[in-house]
Amino acid sequence: MRHAETVTFGTSGLNRAAELRNPSDTLNDALDGGAKVLPLWRGKPMVDGDPKDGVVKLAFRKMSDAVLAKGAEPPILLGYDDDGEALLFARDISAWVPKGVDDAAVNAFLDPTAQAHPSEKTATFRELRGLMTCLSRRDAELAATARAILTWHSTHGFCAKCGAKSEMAMAGWQRDCPKCEAHHFPRTDPVVIMLITHGDAVLVGRSPGWPEGMYSLLAGFVEPGETIEAAVRREVFEEAGICVGDVSYLSSQPWPFPASLMFGCQGEATSTEIKIDPEEIEDAKWVTRSQMLEVFAGNDPTMLPARKGAIAHFLLQHWLADSLG
C-alpha cells in the first residue's frame, strides 16, 4: 500500500533512546533538570485543547509539578524530542482520585468525559480514542507508546514465575522479580484485521456494544504457532463462515487498547454465503463499493463506517480510492 505508515499511531520517526534504558545517572539528571513528562490518568493522556476544535497537543510537565506527585512508580522513558537532544518521559498518576468521577463513563467503550487536575488551569485528561485524529503524528506515537506500556505495568505488577511483587526496570521497559530474578517484558498482542473482498464488494461486521449502526472489518487475535495468513483465513471462517484464498499484507497499526499490533491484510473470498457465529459477532454483510462510498459520505442512515483513525477506516478509505497495492 502506498503511504502504508501514514496510518494513525504509525511511525513518526521517534528515537526511543533504547541505549539509555540501562540504569545510569543520565535519566535522573534529565528529570532533575526539568525534562518533559507526560501525565496519564487511567490510560488517558493529559492534553491541551479540545478535540471538538480539531487540534490537541500533549501536555508535558516537569517532575516538580503538582500533577505528577501521585505517581506510584518512576516515569518511563519515551525517547528524544524532535531536536534529538531533550528526553521525554511519561508517568502514571492513576493514584489521584478526581472529584465526582463517573466510573461508568470512564470504563465505557469511548469515554466522553474529561478530568482536570486541581493544579491545572486548562489541560485535561481525555480518552485517546477520541483524540487520535487530532494529534500530530509525533504526539500520536508518543501517546500510544505511553498508554500501552503504562497499561502493561498496571496489570503486570507481580512475577508470572513465582508470584512475588516485581519492580520496574530498564527505564520502564522491563519488570524484574527481586525474589526469583526473572525478567518480564512488555507484551504486544498480534491481531489480524482483514479487508476481505469478492468482486466489487467488501465483507464487514459488527460486534455487540458498538455504536448503533457501526460496521467495521473483521479482526481477530493470531494464535500461537499460526502465521498471519492462516489467522486471516481462520478468523474470517470462524466469524462469518466465508472461505478465503489469497492473502496479502497491507499495513500495520499499533493499537494501545490495551496492547495490540494490528496487521492489516487483504484477502480474496472464495465463497460468499455468510454464516455468522453469534458468539463472535452480531452481524456481517457484503457491501458494494458504491454503497460504501455512500456510507463514508454520511448518506446512509442505517450504517456508520469504522471509526476514523482506526486501521479499518484507513484500509476501507484506500480501497475506495483504489490506492491499495
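These legends describe close-up views of aromatic rings in a predicted model.

**View 1. Trp-41 and Trp-96 form an edge-to-face aromatic pair.** The structure holds 5 aromatic pairs. In this one, the ring centres lie 5.9 Å apart, with 65° between the planes. The pair links distant parts of the chain. Trp-41 belongs to strand E1, residues 36-41. Trp-96 sits in the loop between strand E5 (87-92) and helix H2 (103-106). The two residues are 55 residues apart. Both Trp-41 and Trp-96 are buried.

**View 2. Trp-96 also pairs with Phe-125.** Here the ring centres are 5.8 Å apart. The planes meet at 40°, so this pair is tilted. It too joins distant parts of the chain, 29 residues apart. Trp-96 comes from the loop between E5 and H2. Phe-125 comes from strand E7, residues 124-126. Phe-125 is buried, and so is Trp-96.

**View 3. Phe-9, Trp-255 and Phe-257 make up one aromatic cluster.** One ring of this cluster, Phe-257, also has a charged neighbour, Arg-129. The charged end of Arg-129 sits over the Phe-257 ring. Its distance from the ring centre is 4.2 Å.

**View 4. Arg-289 lies over the face of Trp-319.** What is the distance between Arg-289 and the ring centre of Trp-319? Arg-289 is placed at 4.5 Å from that centre.

Definitions and conventions. Residues are numbered from 1 along each chain as its sequence is written. This is a predicted model: local features need pLDDT of at least 70, side-chain atom pairs count only at pLDDT 80 or more; totals for chains, interfaces and linings use all residues. Side-chain values use heavy atoms; hydrogens and water are left out. Rings of Phe, Tyr and Trp (its six-membered ring) pair if their centres lie within 6.5 Å; planes under 30 degrees apart count as stacked, over 60 as edge-to-face and the rest as tilted. Helices (H or I, at least four residues) and strands (E, at least two) are DSSP runs, numbered from the N terminus. Buried means under 20% relative accessible area, exposed over 50%, partly exposed in between (1.4 Å probe, protein chains only). A charge sits over a ring if NZ of Lys or CZ of Arg is within 6 Å of the ring centre and within 35 degrees of the ring normal.
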